[in-house]
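Take a look at the sequence and the structure below.

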Amino acid sequence: MTKQGSRLVRWAAIEAVQRVPAHTRLGQVRDRVGERRGRNIGVVAAVRELIGLVFYGLRDHHIRCLAPRTAAA
């Protein structure tokens, strides 16, 4: 997370990730990285994941990695 761009967007993304439950995808990233490298670094890693999801959601109008998996026949 660089200090480029909007301060308000950075703040909102960090606040959102800090309040995400641990059972969600972003919460798992935050906690897994946080255990290894520290809580703040885990939060930033989860924010990067969130920003990526937002970018592809805005660009493609859906988020492929969150689509339900279908069983292969």
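## Start with Gln28

Gln28 is partly exposed, because its relative accessible area is 42%. This value comes from a predicted model. Gln28 belongs to helix H2. Set aside the neighbours within four places in sequence, and Gln28 is in contact with Ala22 and His23.

Now look further along the chain. Gly42 lies 14 residues from Gln28, and the C-alpha atoms of the two are 9.6 Å apart.

## The chain as a whole

The protein chain has three helices and zero strands. Along the sequence, the pattern reads α-α-α. The chain has 73 residues, and 23% of them are buried.

## Helix H1

Helix H1 covers residues 7-18. Its twelve residues should span 16 Å at 1.5 Å a residue, and the end C-alpha atoms are 17 Å apart, which agrees.

Which residues of H1 are buried? They are Arg10, Ala13 and Val17. These residues sit on the same side of H1, because they cover an arc of only 65° around the axis. The other side of H1 has the exposed residues Arg7, Leu8 and Trp11. The cover over the buried residues of H1 includes H2 and H3.

## Helix H2

Helix H2 runs over residues 25-37, which makes 13 residues. From first C-alpha to last, H2 reaches 18 Å. That is close to the 18 Å expected at 1.5 Å a residue.

The buried residues of H2 are Leu26, Gly27, Val29, Arg30, Val33 and Gly34. Their arc around the axis is only 160°, so they lie on the same side of H2. Glu35 and Arg36 are exposed, on the face turned away from the buried side of H2. Helices H1 and H3 are among the parts that cover the buried residues of H2. Just after H2 comes Gly38, with a positive phi of about 115°.

## A closer look at Leu26

Leu26 is another residue of helix H2. Is Leu26 buried or exposed? Leu26 counts as buried, because its relative accessibility is 13% and the cut-off for buried is under 20%.

What does Leu26 touch, leaving aside neighbours within four places in sequence? Its contacts are Val20, Ala46, Glu49 and Leu50. Val43 is 17 residues from Leu26 along the chain, and their C-alpha atoms are separated by 9.0 Å.

## Helix H3

Helix H3 covers residues 39-60. H3 has 22 residues and reaches 31 Å from its first C-alpha to its last.

Buried in H3 are Gly42, Val43, Ala46, Val47, Leu50, Leu53 and Asp60. These buried residues pack against H1 and H2.

## Where H2 meets H3

Two packed helices are described by the angle between their axes and the distance between the axes. Here are both values. The axes of H2 and H3 come within 7 Å and cross at roughly 150°. The crossing of H2 and H3 is right-handed.

Which residues take part in this contact? From H2 come Arg25, Leu26, Val29, Arg30, Asp31, Val33, Gly34 and Arg37. From H3 come Arg39, Ile41, Gly42, Val43, Ala45, Ala46, Glu49, Leu50 and Leu53. The residues of the contact of H2 with H3 divide into nine nonpolar, two polar and six charged.

## After H3: His61

His61 lies in the segment after H3. Is His61 buried or exposed? His61 is exposed, because its relative accessible area is 70%.

Now check the backbone. Most residues other than glycine have a negative phi. His61 has a phi near 70°, which is a positive value in a residue other than glycine.

Methods: Residues numbered from 1 in each chain as written. Predicted model: local features only at pLDDT ≥ 70, side-chain atom pairs only at ≥ 80, totals over all residues. Heavy atoms only, no water. Helix = DSSP H or I, 4+ residues; strand = E, 2+ residues; numbered from the N terminus. Expected span 1.5 Å × (residues − 1). Buried < 20%, exposed > 50% of the residue type's maximum accessible area, 1.4 Å probe, protein only. Arc of directions from axis to C-beta. Contact = heavy atoms within 4.5 Å. Axes fitted to C-alpha atoms, helices over the stretch in contact; angles between N-to-C directions. Left-handed = near helix turned anticlockwise from the far one by under 90°. Nonpolar A, V, L, I, M, F, W, Y, C, P; charged D, E, K, R; others polar.
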